[in-house]
Amino acid sequence: MTIKIKIKRFISFMCLLLGLLYMTGSARAVEPYEIVANSGLNEKTLSKNALRAIFGMRLHTWPDGTPIHVFVLPDEAPLHIAFSKEKLNVFPYQLRAAWDRLVFSGTGQAPETVASPEEMLAKVGSTPGAIGYLTRSRMDSTVNVLQVK
């Protein structure tokens, strides 16, 4: 084996290794987060299926009849990516495709996208029946944490 081939293999290996390190580092860059709801909501727990139905825009009211208002961060936001993958077990592009199908077919609507965690807190905290997700450091008394079981 010549020196050039060894160098090429070493460079390829290092690029692959650095790429893997970057991907795992960026996936862990998100602070711990929780599913949050407006503090006026009586619900304290949700099943995983209910959570998926709510963010899939298939469940429209809480058990007490209050309309559900879903808020999400932009598709490319690290917190949205982590939430989609970890809590809903789907990629953000899959969520977007499902929402787009609802909108374009006229059978439903997409959730409201907020620009920042601060706006998420303000919207969820001030909208009866609202649900979203926030890092623990961004929460206050206007929202309650929902446990997913």
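**Close-up views of the predicted model**

Glu 34 is buried, because its relative accessible area of 16% falls under the 20% cut-off. The model shown in these views is predicted.

**View 1. A salt bridge joins Glu 34 and Arg 136.** The two side chains meet at 2.9 Å, N to O. Glu 34 sits in strand E1 (residues 33-38). Arg 136 belongs to the loop between strand E5 (130-135) and strand E6 (143-148). The pair links distant parts of the chain, 102 residues apart. Glu 34 counts as buried at 16% relative accessible area. The structure holds four salt bridges, and the pair of Glu 34 and Arg 136 is one of them.

**View 2. Glu 112 pairs with Lys 123 in a salt bridge.** The closest N and O atoms are 3.0 Å apart. Glu 112 lies in strand E4 (residues 112-113), and Lys 123 lies in helix H5 (residues 117-126), so the bridge ties together parts that are 11 residues apart in sequence. Glu 112 is partly exposed, with 35% relative accessibility. Lys 123 is also partly exposed, with a relative accessible area of 27%.

**View 3. Glu 118 and Arg 138 form a salt bridge.** Their side chains meet at 2.2 Å, N to O. Glu 118 is in helix H5. Arg 138 is in the loop between E5 and E6. The partners are 20 residues apart, and the pair links distant parts of the chain. Glu 118 counts as partly exposed at 44% relative accessibility. For Arg 138, the value is 35%, so Arg 138 too counts as partly exposed.

**View 4. A nonpolar patch lies on the surface.** Ile 3, Ile 7, Phe 10 and Ile 11 form the patch. Together they have about 430 Å² of accessible area. Ile 3 is placed in helix H1 (residues 3-27). Ile 3 has 61% relative accessibility and therefore counts as exposed, the cut-off being over 50%. In an α-helix there are 3.6 residues a turn, so residues three or four places apart point the same way.

**View 5. Helix H2 carries a set of buried residues.** The helix covers residues 48-55. Its buried residues are Ala 50, Leu 51, Ala 53, Ile 54 and Phe 55. Met 57 follows H2. The phi of Met 57 is positive, near 65°.

Key. Residues are numbered from 1 along each chain as its sequence is written. This is a predicted model: local features need pLDDT of at least 70, side-chain atom pairs count only at pLDDT 80 or more; totals for chains, interfaces and linings use all residues. Side-chain values use heavy atoms; hydrogens and water are left out. Patches are made of residues with over 30% relative accessible area and no salt bridge: like charges are joined within 9 Å, nonpolar side chains (Val, Leu, Ile, Met, Phe, Trp, Tyr) within 5 Å. Accessible areas come from the Shrake-Rupley method with a 1.4 Å probe; for residues, only the protein chains shown count as cover. Helices (H or I, at least four residues) and strands (E, at least two) are DSSP runs, numbered from the N terminus. Buried means under 20% relative accessible area, exposed over 50%, partly exposed in between (1.4 Å probe, protein chains only).
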